[in-house]
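Please keep the structure open while reading.

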Amino acid sequence: CRWTKNMLRGRGGCYKHTFYGISSYQCMEMTPSLACANKCVFCWRHHTNPVTKEWRWKVDQPKFLIEQAMENHQKMMISLRGVPGVSKERLEEAMTIKHCALSLVGEPIIYPYINEFVDLLHANSISSFLVTNAQFPEKILTMKPVTQLYISIDAATEDTLKAIDRPLFSDFWQRHLASVDALRKYPQRTVHRLTLVKEHNMEEINDYARLVSRGLPDFVEVKGVTYCGKSDASNLTIKNTPFHQEVINFCNDLCGAINALSEEEAHYEIACEHEHSLCILIANKNKFFVNGTWHTWIDYDKFHELVKTGSPFTSTDYMQLTPTWALFGSKERGFDPGEERFKRTQKSTPPTGGC
């Protein structure tokens, strides 16, 4: 991940650092399943991975996958030794993995041993951010605690979802709605993830609001699509990437529409932003705005303690105060002031020295 390299050089962290307090250079991105049930037009893998409705391959054991992933992650960190600007202290810390983003490619929730997989992550004191494409509601219902569970809400109506995600299932919309309902029952942190594609899925504000009101997630992440280059599998161009202000305007309208529909237990407002990533975090104010301050960050030590007890717990049991620089409207726009902003120009001089 580019943010791993950025933060190793003190050049800022990813949106998860801003929204949830992860250490970007201690985050491992991987997936236990390359296959997916969608062929989304904005897929950054350009559809080189397989598609499927069910698992139909040899199954590697969770222990093997995690050991191999950690080993290869550490090898990538070692390869950065001597790179100009890389902090020796941070590089040493990077060898201890603290977070795992299960969102690299494919549909991780269809991996047959997904519960054992996340259990093993937690046993190694690694937090889990699991993203599912909202086509396997039955898997969500049987999911054990993860640090944060996402479903992708790539469109708000049946026709638009078919055009954007190009799903394999004929009953994709029913599965989508059932996933929204299943996530509502999940006790740990939940997120609806919206990827905005200009001229494709930014017009259906009221329909998005109905989905959020139906699912009542803890958070709604809204991100402008990242253009990943020309692909024969998609007709997207850089013109389909919205400006950050357009994402903000969308979120303001969405909050108003949600709050006009939602039950009293939920009231949504913009909490954080990461301008560089065109990303906004909308949060349920009734749960995460405590004593006049937002608590979108995660107490990771507390989460691991709660998992070890084996007792039921909820998303508010491991929330943590959000720093002021991460809040929406701050002068930093989500950039950690403890980092050094780097802007590349034609005259930029590479930093000298490295660990």
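The text below takes up the cores, then the helix contact, then the cysteines.

The model is predicted. Its largest nonpolar core has 62 residues. The residues with the most contacts inside this core are Phe117, Val222, Phe250, Leu254 and Ile282. Helix α10, residues 244–261, supplies the largest share of the core, eight residues. In soluble globular proteins, nonpolar side chains tend to be buried together.

Leaving aside residues up to four places away in sequence, Phe117 touches Met30, Pro32, Pro62, Leu65, Ile66, Leu102 and Tyr111.

Helix α7 spans residues 158–165 and helix α8 residues 172–184. Their axes come within 10 Å and cross at roughly 100°, so α7 and α8 are roughly perpendicular to each other. On the α7 side the contact involves Glu158, Leu161 and Lys162, and on the α8 side Phe172, Trp173 and His176. By class, this contact has three nonpolar residues, one polar residue and two charged residues.

The disulfide count is zero.

| Cysteine | Closest cysteine sulfur | Relative accessibility |
|---|---|---|
| Cys251 | Cys255, 6.6 Å | 0% |
| Cys272 | Cys279, 10.0 Å | 0% |

Cys251 is in no disulfide. The sulfur of Cys272 is too far from that of Cys279 for a bond, because a disulfide needs the two sulfur atoms within 2.5 Å. Cys251 counts as buried, and Cys272 also counts as buried.

Terms used: Residues are numbered from 1 along each chain as its sequence is written. This is a predicted model: local features need pLDDT of at least 70, side-chain atom pairs count only at pLDDT 80 or more; totals for chains, interfaces and linings use all residues. Side-chain values use heavy atoms; hydrogens and water are left out. A nonpolar core is a set of buried Ala, Val, Leu, Ile, Met, Phe, Trp, Tyr and Cys residues joined through side-chain atoms within 4.5 Å. Buried means under 20% relative accessible area, exposed over 50%, partly exposed in between (1.4 Å probe, protein chains only). Helices (H or I, at least four residues) and strands (E, at least two) are DSSP runs, numbered from the N terminus. Contact means heavy atoms within 4.5 Å. Axes are lines fitted to C-alpha atoms, for helices over the stretch in contact, and angles run from 0 to 180 degrees between N-to-C directions. Angles under 35 degrees count as roughly parallel, over 145 as roughly antiparallel, 65 to 115 as roughly perpendicular and the rest as oblique. Ala, Val, Leu, Ile, Met, Phe, Trp, Tyr, Cys and Pro count as nonpolar, Asp, Glu, Lys and Arg as charged, and the others, Gly among them, as polar.
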